[in-house]
Amino acid sequence: MIYKTALATGVMIFSAGLAQAEESYRIGITQNNVGVDSYQTTYESAFEQAAAKHGNVDVIVLDAGGDVARQIGQMRNLIQQRVDAIIIWPTNGQAVIPAIRQAHNAGIPVVVTNSKIAEAGLDYIAAFSGPDNVQQGASSAEMMCEALNGEGQIVQIAGQPGYTTAMERSQGFEEKLAEACPGVKLLETQPADWNREKAQRVMENFLTKYDDIDGVYAGDDNMGVGALNAAKSAGRADEIVFIGATNFAVGYEAIERGEYYGSIYQSPVDDAEAALQTALDVLAGEEVPKMNFFETPKITANNLTEFDKPVF
Amino acid sequence: MNMINMKDFLKGSGFIQPIWVFVIVITVFFSFMSEYFLSIGNLGNILVQTSTIGLIALGMTFVMINGNIDLSVGAVLGLAASLSVGLQDYGITIAVIAALASGLVLGAINGLIVWKTGVNAFIVTLGAMIGVRGLIFVYTEEQSFYATNFAFSDFGAASIGPFPVLALIFLVCTLVMHLVLKKTGHGRNTFAVGGNPEAALDAGIRIGRHMMINFIIVGFFAALAGVLLATQMGAATPNLGRDYELWTITAVVLGGTKLTGGFGSITGTLGGVLAIGILRNGMNLMQVPAFYVLVILGLILISVLIIDQRLNVHASKGVSI
Amino acid sequence: MASIEQGKQAILLNKKYKEGLLNFLSAQGILVFFLICMFAFSLFSEQFLSQSNIMTVVRQASIIGIIAVGVTIVIIGGNLDLSVGSMLSFSTVLVVDLHDKIGPAGAIVLMFVLTLMIGAVNGLLIGFMRLNSLIVTLAMLSAVQGLVLIYSGGKNVDIANQSDTWFAIFGRGYVLGIAVPVILFAVLAIIVQVGMSYTSYGRRIFAVGGNPAAAVYSGIRRNWCVFSTYLISAFCVACAALVLGSRVMGSQNNVGQGYELLVLAGIILGGTSLLGGAGSVWKTIIGVLILGFIQNGLLLLGYPYYTQWLVTWVIIILAVWLDLANKRKRLFTTHS
């Protein structure tokens, strides 16, 4: 017993010493919906690993399960616990703004990660860190144009309706396509909620409805591969160009096999590390730009070897 | 002898209901596990987070004592939230009134259909749950709405002294509905109809009307919960309220209300929603991974059901063979 | 004289025929409705009645259909099963993940065993412990979803080598030009329907669901009957997982989310009463197909996907109401 107490005291003194040498931070993160897809799960473990590397960072990791109301509750809990900074992966780009404003008013800096929040909330955040989804959509449009030589009919399979990432990718894609590639016509867009099985069903319906489809743009590779599955079953995969975003392992392999034209390479590890680093920079009092985009390059069969296969 | 007294005590024939024993146990447990748990601020948080499900559960208790069920509350909540934000161009007051009215109307539609067609409430409200979600998507065109006026979201964050306004609204509503259930003719008839519809009919109780009133009550509370949730977010999303019907029914059943009707109480329901709220909050503070929270909530629900049944076992002895 | 007699007979026959038709219409109202829907959609969309479209819709509906066959039995037995959505996620993730680890045969066997075990838990709690089925399966909905996430660590699972595994047959294969999922659906439905109609087991389930007390007095072991319905439901979920996993060759953790509602909607639309003791697999098939074709038809006509929800709302209530009105020979209830 005495031994244990002594040990505990020792640890306390030790950690107190550490804290003096280097200021210690408590950072809370509330994520969107871990477990709904591998990207978010990989992000979570990468974030925890990154935090463990910094000896002085203590993280509180929460998951909103996709529910806006629960995320707001978690924001309030984190404010209540007086954490030093909050990182939020918004379940919705607008509905979380009042909660972010409350944190801001309580003097807690907020870093938004992965998915942007609406214009009105930008005043209350310390920084955003994540991919530029509008740019990603535009890049996909460029690839589509290139693959079809500027002519053809395509369909779009979008992510979850109402979710910022899905809307921004669609917006970026549609705007760029109309501008750079007027010869390519977008026949129809249907959502598949980031779900491969749903994407497969949506694509099956497209295939019966349209006799002539030259290309498919999917909001992520998970859905893109679902569309590819459907086209393969119908024996029409060869005549269709598939382009996705957020390169998944299955998409990477499909590019390798030559069945899939291209995607956007986006690493959840980069995403998580960038978010944590941004938060630490803010806490250290450094000047941090409001928008911190990390690189998300195009990936096609031509440059496939430059990238590691995604782990998710 | 002692044993029987203990049983009576736990069964709620004494002054305390079993769910409240559970609430006290988990409160003590979490206060040892986390230093933040018992702070005034956190308790306020729990009440605010509980208020959404809690308000709906008040109405659901009436509907369930009445022998019915309402699965459409989550969708009604979503529609009311979208209306209360989307119509703010006409002024916040009008938007809020329209939102609450939508709840009353949808509740009345559900109630009228159940009354006049005789179709099982489970089916009627399952249909409404799917259809009202469609209404939301038609109205919002899949978009989230954002309240440009911060006065709206400031209301959701306001407090009187240390008490958050939303928590106070919830507690006042709870008290009112407790009195309505206990002290009014409508409350008594709700029990009578749920306990034995034929006998109630013979006694000249207008069972259809009471059913409809109860559906209007739950519709109103679902809409109120939607409006208050929208003030917390300053926004509304088309998917808001999904699964809430499941958690609401869970909370009401945890509180001792019988799905077969004729038995239940508002105090029990308050215990039920607090139990879920405290569990979620406490597990958050203890950083229990989200995946395990799902399993734990499921297991606790089954355990409570088993305990509840064991306590009532002598009542059903005649039937079970 | 003879001609008058003949005429009388003809009139009588005609009357009989008319009554027969009316009876048929009221008994098979939902089937008639189904045919009217099909006709209406075919007027507005050329592709709707094309062979490829019909095959696509039936194939897509077969996963829900397979599950609905099992849940129909649970409902006839007087209970509900809301846990099938989470169970579908569980089974699909399991069979896909194990495919590469222990081979397709082992994966399928293990998946069936574990899925049946979850069904057995449902059956124990509801059949033997007599807990309320709505709440138990609601709790299982949450608990099993949690188990899936814990098992997979929240990651998607994939089958690495998709082109040469015989596992592909369940979701992608064709026999005599008919998709395997459809065949599975049909075979399962026929076996279960025959079992319910022509065996003493089926009669016992109807008895237990219709009048539990009477069933017990006539010597039926109610506990075992209820228990067995949940095993059948779990077995059907496992079959659906086979199709789903093979079709996608991968799985997300929430792939079955919401299936419990689609399944229920199909069953109710088909006309199986939630009170237990009545219903049929045949009706459920019609109900599931109606939902499938309405969804498909509305999309082909260019309506946004959520309009199908509004239509579902109206037709579910209408279908059950008219069925009820027909039985009591009165449109509205009489009490005030």
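Author: Happy to. The expected span of a helix is 1.5 Å times one less than its number of residues. Keep in mind that this is a predicted model.

Reader: How do you know that helix 4 of chain B reaches close to what is expected?

Author: Helix 4 of chain B, residues 73-86, has 14 residues.

Reader: What makes residues 94-115 of chain B a "transmembrane region"?

Author: That label comes from UniProt, in an unreviewed entry, which also lists 290-307 among the spans of chain B. Such annotations may be inferred rather than shown by experiment. In the model, residues 94-115 of chain B are 100% helix and 0% strand, with end C-alpha atoms 31 Å apart. Residues 290-307 of chain B are also 100% helix and 0% strand, and their ends lie 26 Å apart.

Reader: Which spans of chain C carry that UniProt label?

Author: Including 108-128 and 134-153, again from an unreviewed entry. Residues 108-128 of chain C are 100% helix, with end C-alpha atoms 28 Å apart. Residues 134-153 of chain C are 95% helix and 0% strand, and their end C-alpha atoms lie 28 Å apart.

Reader: How many residues of chain B are in contact with chain C, and what makes a contact?

Author: Two residues are in contact if their C-beta atoms lie within 7 Å. On that basis, 44 residues of chain B are in contact with 40 residues of chain C. Helix 6 of chain B gives the largest share of the chain B side, 13 residues. By class, that side has 29 nonpolar, 11 polar and four charged residues.

Reader: Where do the two domains of chain A lie in the chain?

Author: The domain assignment gives domain 1 as 12-130 + 268-295 and domain 2 as 133-265. Their C-alpha centres lie 31 Å apart. Seven residues of domain 1 of chain A are in contact with seven of domain 2 of chain A. On the domain 1 side, two are nonpolar, three polar and two charged.

Terms used: Residues are numbered from 1 along each chain as its sequence is written. Chains are lettered from A and ligands numbered from 1 in the order in which they are written. This is a predicted model: local features need pLDDT of at least 70, side-chain atom pairs count only at pLDDT 80 or more; totals for chains, interfaces and linings use all residues. Helices (H or I, at least four residues) and strands (E, at least two) are DSSP runs, numbered from the N terminus. Domain bounds come from an automatic or database domain assignment. Ala, Val, Leu, Ile, Met, Phe, Trp, Tyr, Cys and Pro count as nonpolar, Asp, Glu, Lys and Arg as charged, and the others, Gly among them, as polar.
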